[in-house]
Amino acid sequence: MALEVVGKLIKVLPEVSGQSQKGPWSKQEFVIETLDASYPKKICLTAWGDKVADLKQFADGDTLKATFSAESREYNERWYTELRAFRIELAEGDGGSAPAAPRSAPAQQPRPTQQSQPAAMSFNSAFDEESNDLPF
């Protein structure tokens with residue numbers, strides 16, 4: 001499941017790295033603020049591995065589009081949720097106040113109007129027919 005968020009980069013937290021059985025790892029968290037005019041939200045996302053290097057090319061105040069996955073896990077009867085960013089890029093129209101439209105979404109075509117009932121039929125006309133018998 002891939003989710004997207006567009007917002008202004010407000011803070012990049014320090015990089016954390018370590019060594020595991022599989023080799024070295026690194027991660028870096030960053031905070032973006034959504035562009036919602038009424039109620040902007042701050043969201044903390046995590047970049048892992050080579051995405052840490054991608055994050056270094058952006059500065060505070062840049063408008064980013066982050067594609068991420070959300071995952072929760074339990075430890076000692078407490079739940080922890082991580083938003084793992086796997087694509088970080090400048091939003092189209094950087095500096096604008098409206099979020100950019102996703103590139104992968106097809107263009108919205110207006111739907112033709114469909115009538116669910118025959119036109120010009122009055123409500124009582126169904127009861128005026130010759131079969132007023134109930135089915136039971």
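Reader: In the hairpin of E5 and E6, which residue takes a positive phi?
Author: That's Asn76, with phi near 55°, in a hairpin that has 2 residues between the strands. Before going on: this is a predicted model, where local features need pLDDT of at least 70, side-chain atom pairs count only at pLDDT 80 or more, and totals for chains, interfaces and linings use all residues. Residues are numbered from 1 along each chain as its sequence is written, and side-chain values use heavy atoms, with hydrogens and water left out.

Reader: OK, and what is phi of Glu77 near?
Author: Phi of Glu77 is near 60°, again a positive value in a residue other than glycine. Most residues other than glycine have a negative phi. Glu77 sits in the loop between E5 and E6, and Asn76 has its place in that loop too.

Reader: Is Asn76 buried or exposed?
Author: Exposed, because its relative accessible area is 62%. Glu77 is exposed as well, at 72%. The cut-offs are under 20% relative accessible area for buried, over 50% for exposed and partly exposed in between, using a 1.4 Å probe and protein chains only.

Reader: Let me zoom out. How many helices and strands does the protein have?
Author: The protein comes to 1 helix and 6 strands. From the N terminus on, the order is β-β-β-β-α-β-β. Helices (H or I, at least four residues) and strands (E, at least two) are DSSP runs, numbered from the N terminus.

Reader: How many bridges join E5 to E6?
Author: There are 12, and the two strands run antiparallel. One example is Glu74, whose bridge partner in E6 is Trp79. Two strands count as paired if DSSP finds at least two bridges between them.

Reader: And in what sense do E4 and E6 pair?
Author: Parallel, over 2 bridges. Ala47 has Ala85 in E6 as its bridge partner, and Thr46 stands opposite Arg84 in E6. Thr46 also turns up on another side: it is the bridge partner in E4 of Glu29. E3 and E4 pair in the antiparallel sense over 7 bridges.

Reader: Switching topic: which residues touch the most other members of the largest nonpolar core?
Author: Val5, Phe30, Ile32, Leu45 and Ile88, out of 16 residues in that core. The elements giving two or more residues to this core are strand E1 (3-12), strand E3 (23-34), strand E4 (42-48), helix H1 (51-55), strand E5 (63-75) and strand E6 (78-90). A nonpolar core here is a set of buried Ala, Val, Leu, Ile, Met, Phe, Trp, Tyr and Cys residues joined through side-chain atoms within 4.5 Å.

Reader: What does Val5 touch?
Author: Ile32, Thr34, Ile43, Leu45, Leu64, Lys65, Ala66 and Phe68, not counting residues up to four places away in sequence. Contact means heavy atoms within 4.5 Å.

Reader: What about Ala70, what does it touch?
Author: Leu3, Glu82 and Leu83, with residues up to four places away in sequence not counted. Ala70 lies in strand E5 and is partly exposed, at 38%.

Reader: Last one: what pLDDT does the protein average?
Author: It averages 78, and 68% of the residues score at least 70. Over residues 95-118 the pLDDT is below 50. pLDDT is the predictor's confidence in each residue, from 0 to 100. Where pLDDT is low, the predicted coordinates should not be read in detail.
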